Amino acid sequence: MRLFKQLFFVIMTVGILGGIGMLFTYDVIKVEWPSYMETQPSFRPMENPLPVPARSIPVEGPVSIPNMGAPENPVPADETSVARGAQLFSIHCQMCHGPAGEGNGQIAPFLVNFKPANLTLPIVQDKSDGALFLTVTNGVTDRMPALNENLTVRERWDIINFIRTLKAAQ
């Protein structure tokens with residue numbers, strides 16, 4: 001009988017400790033742990049990035065070396081490039097610039113300070129392919145995000161080739 005009493009108390013003790021553990025595990029009782037995240041300095045993405053090391057070439061190749069001027073378009077504007085550019089445009093650009101590139105995308109009404117550019121206007125179409133490439137690559141401060149991390153160099157050139165077709169569709 002003594003063994004059953006001891007076994008009963010051991011099982012009860014384990015059960016009570018397990019129940020208390022479950023209260024904390026499933027957030028029935030919440031314990032606020034000290035967090036210093038709100039007091040540490042925070043930075044916006046790409047705020048004060050480190051300069052490019054001297055005599056280095058970026059991973060994307062020499063097309064994106066700063067202060068080298070606008071690059072030349074190495075991708076011919078054939079059917080494949082334009083079709084690929086149209087698909088990438090619909091994924092990455094259409095929400096702001098609209099399906100025809102007229103600056104009337106779904107989120108354009110919510111951009112109060114700066115409306116998206118109308119890509120069919122001569123002010124955009126008269127720019128060189130390299131200038132458009134640099135705009136897509138680096139973005140426009142407080143207006144358009146840089147797409148160099150989302151798109152490869154080839155994909156950006158395909159989008160530029162597609163933007164050139166928007167003028168004809170106007």
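This is a predicted model: local features need pLDDT of at least 70, side-chain atom pairs count only at pLDDT 80 or more; totals for chains, interfaces and linings use all residues.
Residues are numbered from 1 along each chain as its sequence is written, and side-chain values use heavy atoms, leaving out hydrogens and water.

You'll find F8 in helix α1, residues 2-25. Together with F9, M12, I16, L17, I20, L23 and F24, F8 forms a nonpolar surface patch with about 790 Å² of accessible area. Nonpolar patch members (Val, Leu, Ile, Met, Phe, Trp, Tyr) have over 30% relative accessible area and no salt bridge, and their side chains are joined within 5 Å. A salt bridge is a Lys or Arg side-chain nitrogen within 4 Å of an Asp or Glu carboxyl oxygen.

Over in helix α2 (residues 79-92), the buried residues are S81, V82, G85, L88 and F89. They cover an arc of only 130° around the axis, so they sit on the same side of α2; the arc is taken from the directions from the helix axis to the C-beta atoms. On the other side, E79 and Q87 are exposed.

## The whole chain

The chain has 6 helices and 0 strands, which are DSSP runs (H or I, at least four residues, for helices; E, at least two, for strands) numbered from the N terminus. Of its 170 residues, 22% count as buried.

Terms used:
Patches are made of residues with over 30% relative accessible area and no salt bridge: like charges are joined within 9 Å, nonpolar side chains (Val, Leu, Ile, Met, Phe, Trp, Tyr) within 5 Å. Accessible areas come from the Shrake-Rupley method with a 1.4 Å probe; for residues, only the protein chains shown count as cover. Buried means under 20% relative accessible area, exposed over 50%, partly exposed in between (1.4 Å probe, protein chains only).
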